[in-house]
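Hello,

Here is the structure I promised to pass on.

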Amino acid sequence: MAKVHCFGKIWEQEQLQSDIFSMWIDVPQIAEQAKAGQFVSLFSVNGDTLLPRPISLCEIDTQNGRIRLVYRVVGSGTREFSLLKKGDSLKIMGPLGNGFPLTSEPAIIVGGGIGIPPLIQLAKELSGKVTLVVGYRDSNTFLMEELKTVADEVLIATEDGSIGTKGNVIHAMNEQKAQGKVVYSCGPIPMLRGVKEWASEKGVPAWISMEEKMACGIGACLACVCSSTEQDDHSKVCNKRICKDGPVFLAEEIDL
């Protein structure tokens, strides 16, 4: 699979929450080869913002040659992207990284915060029963209706208990007795750590998608390494390059 440098055209942009946006981009060169779990790098037109911003793929529309990105505005680069309108163009590189390995067995998909969007495409690509477990801070949720359309079952956890189980995703999985033969997860490190421990206790494999600040996005600069239980052939130390070796890893390979 070859990464592509090209310009994509905005098909649609929608504000989901005060700081969260959904963007569809016409970019058939990337859409035709992308898969769930991969990401793209978006380039700013602002000369002061040199490095591209990595954003995970939320949905892939191969028929129309489009990809969907759901992202949070956290700085000048993502703020610039949020101001783009239908018909605007931006430079994009992708698809990057590896993706989630698919299975036909019953799967549990776990997401928290901005780690939830990439799980929509994964749920669509899995052929077995999908139990989706999502965690929010409160009742101010996003993508909820779409999540219900791609999963057989949706379990919700909120920190304040306003919806679903009070607590985190692990509390929801235990309280509502989530069952599956494999676990997939994307979200903050504390959540991934909990998912790794939960899956280990249940004796099922867990695939986790790591998030980290990146520079090159192609594995050359070693700016986005994470601790590994194996020695890396490139650096000769125990780490993995999230952009190149990941962002999806078997949980037991990563030291969280």
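This is a predicted model: local features need pLDDT of at least 70, side-chain atom pairs count only at pLDDT 80 or more; totals for chains, interfaces and linings use all residues.

Residues are numbered from 1 along each chain as its sequence is written, and side-chain values use heavy atoms, leaving out hydrogens and water.

Now the charged pairs. Side chains of opposite charge can pair when their charged atoms come close. Searching the whole structure gives six salt bridges (a side-chain nitrogen of Lys or Arg within 4 Å of a carboxyl oxygen of Asp or Glu). Glu-146 forms one of them with Arg-68, with 2.5 Å between the closest N and O atoms. This pair links distant parts of the chain, as Glu-146 is in helix 4 and Arg-68 in strand 6, 78 residues apart (helices are DSSP runs of H or I with at least four residues, strands are runs of E with at least two, and both are numbered from the N terminus).

Arg-68 also bridges to Glu-59, where the closest N and O atoms are 2.7 Å apart. Arg-68 is buried at 4% relative accessible area, and Glu-59 is buried at 11%.

Another salt bridge joins Asp-26 and Arg-66, at 2.8 Å between the closest N and O atoms. Asp-26 lies in strand 2 and Arg-66 in strand 6, so the pair ties together parts that are 40 residues apart in sequence.

Then the nonpolar side. The largest nonpolar core has 28 residues, and Leu-122, Tyr-136 and Leu-147 are among those with the most contacts inside it (such a core is a set of buried Ala, Val, Leu, Ile, Met, Phe, Trp, Tyr and Cys residues joined through side-chain atoms within 4.5 Å). Helix 3, helix 4 and strand 9 are among the elements that each supply at least two residues of this core. A second, separate core of 24 residues includes Ile-108 and Phe-249.

Happy browsing, and best wishes

Notes. Buried means under 20% relative accessible area, exposed over 50%, partly exposed in between (1.4 Å probe, protein chains only).
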